[in-house]
Structures are given as structure tokens and as C-alpha cells.
Amino acid sequence: MKHYGPAPFSSAFSSSACSPLVEAVAEAGLTGRGGAGFPTARKLRAVTAQRGRRVLVVNAMESEPASRKDQFLIAVAPHLVLDGAALTAAAVGADTIHVCLPRDRVAQHRQLSAAVDDRQRAHLDPVRLRLHALPDAYVSSESTSLVRWLNGGPARPGGSPPHTHERGVRRRPTLVHNAETLAHLAMIARYGPAWFRQAGTPDEPGTLLVTVSGAVRTPAVLEVPLSTPLATVLDRAGSATQPLQAVLLGGFGGSWLPVEHLHTLLTRHDLAPLGASPGAGVLVALPSASCGLLETARVLTYLAAHSARQCGPCHLGLPAVADDFTALATGRADAALLSRLRRRAGLLPGRGGCRHPDGAARLAASALHAFADDVDRHLTHGTCKAAHQPPRLPVPPATAPETWL
């Protein structure tokens, strides 16, 4: 992803469901880089199929604690994100762009405010650009949370239907895109679909920003082609500093993969049989000296504290799963704990008001599989020596958000 300053607005990408930009994005095969991986052109077409003036929301919240990709992107190339937003707004017929950031990232606000001021002085964009500071909570980055907050409500996920592309901000058709997705879109607009497809695979083209941390020599945000082996991504971060037992892929709602799967390619197709996906572009290397069960318990406790608590799976299920996993990790398991934990985690997916409990259940299930030998040892002998090692995952304090407004 090349770095460049603000580009002049191109009227060629006009508002139309079959505009040149929409067609270029479809031909490029760009998918969302926020975690879900939904085809970007389908989202563009869905919102342009609605009647009325549209709204574009730039999701730069990056509430995933193990991710730094969007923060890095805004620090080094804010105009790349804003170029993509301006071009997208023109293509779908939006007259307003709302850029959403967590309110505690002061540096990001300064960087983007300065970039917006530059663009306004240069009269680059025929649309309004507005920056917003939202509560910094894990689920506040969900698309319906952003729309709900922009409509004057709490930054908690809202139910569907209607979908945001049908009725979102001020009841208008609303398109929500992750910051990295818009940066790729700007590059496609400048260099074309064929250029974008030079990286990746025919089915999953392009590059991905990946935040690599844990037991590696040079933790960093890296741009890697899709289809890069996971082991190669670690090598580009200076390689492992000690023997590894597993990696966390995708973030706190992602999956643990044992070290024997590091040959797997970074594509949805290759990771799907392992129950994993690139997710939010996170790769954390866990050394053999650490306790994967304790690391997972810390994450689950954080996720339970940061749930919106608007539905049963979040209000009751997540805290119960976190408590059971903590008991397992700290050597306080009773005879029925493992079966109870599996049953409770199995009840979470598909039942919540959003995907938050699904991600927590995926993480818990992957940990029980990846650290199966440790599970047996913890059940029979109590806590392990590795549980006394310093924590590896960047888990914030497990305290509920102070406000949702």
C-alpha cells in the first residue's frame, strides 16, 4: 500500500449502482478489512439500491485491543483513508461522511483533524466531513453501535432489521466501512483492479494489514499479501524469540492455532477448515513457557465486562463462561466443570443481539482444542508452572465501560 497525500476529487466516480468505482471495486475483488470480510462491492450496491440521500460512516474505532493497524494507517496516511471515503461517498450518493474514533485517542483526533482542515482549505471534497469521539468499548465499533450513537443513543449494538444500509443515520441509507477498507478502495481508484490483484489469490486478492505481537523480535504492523503463510508473517516480524506453542489469529474474537498449523496460508479458504479466519488482522505468538488457558481466561473476562448486556448470552452466558474458564485456568475446577463449560459456550453462538458472544465462544472452543493437554493437566493436577509467567496478550482491565454515551 503506497503512501500519498490528498488526491483531487474525481467526478468520474459519480453516484450510481453501476458507477465506475463500484465496478472497479467489484473487479478487484476487495473485501472488508474490519473482520467480517464481506465483499465491498456488494455493500456499495446494497446502499445505492435504496432511495434517498445516503450517509457514509468511517469506522476507525479499532476496539480490538491486540490490533494497531487502523491507528498506524491514520498516523502515516490519513489522506489515504479520507480519499477512499470521499470517492465512496460520491459513488453512492452520500452528502455526509462521519468519521468515528474512540474519544481517548487524542493523537488520532489531532492527525485526522489536521488532515480534514487541509482538505477543506484545498476544497477537495464536495461532501461534509465530520469527526466524532465515541466511548471506547469493545462492542462500540460494531456498525449498528456507530449508527445508534450518531442518532443520539448509546454506542451499543442495535438489533436488525432494518439493516443500516436500509435505514441508518437519521433514518437514511447508511454505508459503514472500516478505515483500512477505504484505504484499499482509494488505491484501486488510483491504480486499478489489475494492480490490486497482483497480490493474493484469484479468489482472495490484495494485501492485508496485520498486527504481529507476542514472542517476536520486532512487533509491528505489517502489510502482507493474502495467501502468505503464517510462519512467514512471523518471520517478517523478526521471527519468534523462543519456542512457540500456538498463535492467536484474528483477535479476541478469533481462534488459537497450534504451532503445527503455521504453514497455513493467510486466506479465509485455507483457514476455514481450522475454524479460523484473518479476522481483524491480528497475529499473537504465544511461547511454550506461557499458559494458553490463563491467557484465554483473561480475554474472556475482559469480553464479559465489555459486553453490552442487552441479551441473555451477553448478560448471563459470557460471565458464566469466563468464570468457568478462570476456574479451569487457575486450578479450581470441579468434576463437572469441563462438560459445563462446553455446554455453556455452545449455547452462545447465534443467540445474541450481535456477534460479540459468537466471538467469545469461538475463542473458548479453540483454546480447549489447542491446549487440550493443558486442560487435562489442569483438571488433574491444578494450575501449571506456566501460569506464573508474565502475561503475553495485551488485555486491558476487565472493567465495564464508564459510559455508552
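User: Let's start with α11: how many of its residues are buried?
Analyst: Of the 14 residues in α11, 11 are buried, and the helix is mostly covered. Keep in mind that this is a predicted model.

User: Which ones are buried in α11?
Analyst: The buried residues of α11 are Gly292, Leu293, Glu295, Thr296, Ala297, Val299, Leu300, Tyr302, Leu303, Ala304 and Ala305.

User: And what covers the buried residues of α11?
Analyst: The cover includes the strands β7, β8 and β9 (282-287). It also includes the helices α12, α14 and α15.

User: How far does α11 reach from its first C-alpha to its last?
Analyst: α11 reaches 20 Å, close to the 20 Å expected for its 14 residues at 1.5 Å a residue.

User: You mentioned α14. Where is that, and how far does it reach?
Analyst: Helix α14 covers residues 356-370, which makes 15 residues. From first C-alpha to last it reaches 21 Å, close to the 21 Å expected at 1.5 Å a residue.

User: How many residues of α14 are buried?
Analyst: In α14, 12 of the 15 residues are buried, so the helix is largely enclosed by the rest of the structure.

User: OK, zooming out. How many helices and strands does the chain have?
Analyst: The chain has 15 helices and 9 strands. Its radius of gyration is 21 Å, close to the 22 Å that the globule rule gives for 405 residues, so the chain is as compact as a globular protein of that length.

User: What does the C-alpha trace span?
Analyst: Along its principal axes, the C-alpha trace spans about 70 × 40 × 35 Å.

User: What share of the chain's residues is buried?
Analyst: 56% of the 405 residues count as buried. The accessible surface of the chain is about 16500 Å², and 53% of that belongs to carbon and sulfur atoms.

User: Now leucine 185. Buried or exposed?
Analyst: Buried: its relative accessibility is 0%. Leucine 185 is found in helix α7, residues 179-191.

User: What does leucine 185 touch?
Analyst: Leaving out residues up to four places away in sequence, leucine 185 touches Leu21, Val25, Leu30, Thr40, Leu44, Gly84 and Thr88. Its C-alpha is also 9.1 Å from that of leucine 80, a residue 105 places away along the chain.

User: Last topic, the loop between α6 and β4. What is phi of arginine 171?
Analyst: Phi of arginine 171 is near 65°, a positive value in a residue other than glycine. Arginine 170 is found in that loop between α6 (143-150) and β4 (174-178) too, and its phi is near 55°, again positive in a residue other than glycine.

User: Is arginine 170 buried or exposed, and what about arginine 171?
Analyst: Arginine 170 counts as exposed, at 53% relative accessibility. Arginine 171 is exposed as well, with a relative accessible area of 62%.

Conventions: Residues are numbered from 1 along each chain as its sequence is written. This is a predicted model: local features need pLDDT of at least 70, side-chain atom pairs count only at pLDDT 80 or more; totals for chains, interfaces and linings use all residues. Side-chain values use heavy atoms; hydrogens and water are left out. Helices (H or I, at least four residues) and strands (E, at least two) are DSSP runs, numbered from the N terminus. The radius of gyration is taken over C-alpha atoms; the globule rule is 2.2 Å times the number of residues to the power 0.38. Buried means under 20% relative accessible area, exposed over 50%, partly exposed in between (1.4 Å probe, protein chains only). Accessible areas come from the Shrake-Rupley method with a 1.4 Å probe; for residues, only the protein chains shown count as cover. The expected span of a helix is 1.5 Å times one less than its number of residues. Contact means heavy atoms within 4.5 Å.
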